[in-house]
Amino acid sequence: MNTMTRIKLAITIMALLFFTAGMRSGEEWQRWVGIALLAIAVGLRFVGRERKSG
C-alpha cells in the first residue's frame with residue numbers, strides 16, 4: 001500500500017467518523033465536515049494517476 005492510498009484511506013475513515021458522529025449527535029456541521037472529507041478523498045483518486053499510452 002503506497003502513501004497516497006494510506007492518505008485516502010485515512011481521510012475516508014475520518015469522513016465516516018465525522019458523518020456518524022453528526023448523525024448521532026444531531027450536529028449538522030459534523031455531517032458537512034464528513035461529506036467534505038469524503039469529497040476530498042474521492043477527488044484524490046484522480047491525483048497522481050499515470051496515463052498509459054498505447
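**Exercise 1.** Decide whether A41, at 5% relative accessibility, is buried or exposed.

*Solution.* Begin with the cut-offs: buried means under 20% relative accessible area, exposed means over 50%, and partly exposed is in between (1.4 Å probe, protein chains only). A41 therefore counts as buried, because its relative accessibility is 5%.

Before going on, a word about the model. Residues are numbered from 1 along each chain as its sequence is written, and this is a predicted model, in which local features need pLDDT of at least 70 and side-chain atom pairs count only at pLDDT 80 or more. Totals for chains, interfaces and linings use all residues, while side-chain values use heavy atoms, with hydrogens and water left out.

**Exercise 2.** Find out how many helices and strands the chain has, and check the span of α1.

*Solution.* First, count: the chain has 2 helices and 0 strands. Both kinds of element are DSSP runs numbered from the N terminus, helices being H or I with at least four residues and strands E with at least two. Next, work out what to expect of a helix: its span is 1.5 Å times one less than its number of residues. For the 23 residues of α1 this gives 33 Å, and the end C-alpha atoms are 33 Å apart, so the two agree.

**Exercise 3.** Name the residues of the largest nonpolar core and the helices that supply them.

*Solution.* A nonpolar core is a set of buried Ala, Val, Leu, Ile, Met, Phe, Trp, Tyr and Cys residues joined through side-chain atoms within 4.5 Å. The largest one here has 5 residues: I11, A15, L37, A41 and L44. At least two of the core residues come from each of α1 (3-25) and α2 (28-43).

Now take the α1 side. Its buried residues are I11, A15 and G22, and they pack against α2.

**Exercise 4.** Which residues make the nonpolar surface patch of about 440 Å²?

*Solution.* Patches are made of residues with over 30% relative accessible area and no salt bridge; like charges are joined within 9 Å, and nonpolar side chains (Val, Leu, Ile, Met, Phe, Trp, Tyr) within 5 Å. A salt bridge is a side-chain nitrogen of Lys or Arg within 4 Å of a carboxyl oxygen of Asp or Glu. The patch is made by M1, L9, I13 and L17. Of these, L17 lies in helix α1 and counts as exposed, because its relative accessibility is 58%.

Note on methods. Areas by Shrake-Rupley, 256 points an atom, 1.4 Å probe, with all protein chains shown as cover. Contact = heavy atoms within 4.5 Å.
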